[in-house]
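Work through the exercises below with the model at hand. Each task is followed by a solution in steps.

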Amino acid sequence: AGEAKVASTTAEHGALAKQDKDQATLFKQGGDDHRAMAAAYAKEHPDSKGGAKSTWNTKMQKHCAALAKDADKLAADADKAADYHSLRAKELQGK
């Protein structure tokens with residue numbers, strides 16, 4: 001692994017803003033994928049007609065909800081980082 005470098009130019013901040021936006025998009029998609037997976041799993045493993053909860057569905061719902069929540073948090077953090085780098089790039093341009 002190379003040494004970490006601090007962005008100091010407009011171009012560097014712009015590149016990091018794009019990188020962070022791309023990451024945010026991927027994280028958002030991951031959250032959406034897990035929500036969709038949970039919904040599909042619920043359809044495939046419904047509760048019994050007698051009202052008993054499907055154990056596997058319950059476990060899968062918790063699993064997918066936790067991963068979706070984590071992905072949403074990562075997406076929000078990446079969006080904030082992108083906003084920061086975009087702002088710094090504009091400041092360095094005098095805008």
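**Exercise 1.** Does Lys5 count as buried or exposed, and at what relative accessibility?

Solution. The model is a predicted one. Lys5 has a relative accessibility of 62%. Exposed means over 50%, so Lys5 counts as exposed.

**Exercise 2.** Find the salt bridge between Glu12 and Lys5, and state how exposed Glu12 is.

Solution. Side chains of opposite charge can pair when their charged atoms come close. For Glu12 and Lys5, the N to O distance is 2.4 Å. A salt bridge requires such atoms within 4 Å, so the two side chains form one. Glu12 has a relative accessible area of 24% and is partly exposed.

**Exercise 3.** Describe the salt bridge of Lys53 and the exposure of both partners.

Solution. Lys53 pairs with Asp47, with 3.4 Å between the closest N and O atoms. Lys53 is exposed at 61%, whereas Asp47 is partly exposed at 33%.

**Exercise 4.** Where do Lys73 and Asp77 lie, and by about how many helical turns are they separated?

Solution. Both belong to helix H2, residues 55-92. They are four residues apart, which means a separation of about one helical turn. Elsewhere, shared partners link Lys21, Lys28 and Asp79 into one salt-bridge network. The whole structure holds nine salt bridges.

Notes: Residues numbered from 1 in each chain as written. Predicted model: local features only at pLDDT ≥ 70, side-chain atom pairs only at ≥ 80, totals over all residues. Heavy atoms only, no water. Buried < 20%, exposed > 50% of the residue type's maximum accessible area, 1.4 Å probe, protein only. Helix = DSSP H or I, 4+ residues; strand = E, 2+ residues; numbered from the N terminus.
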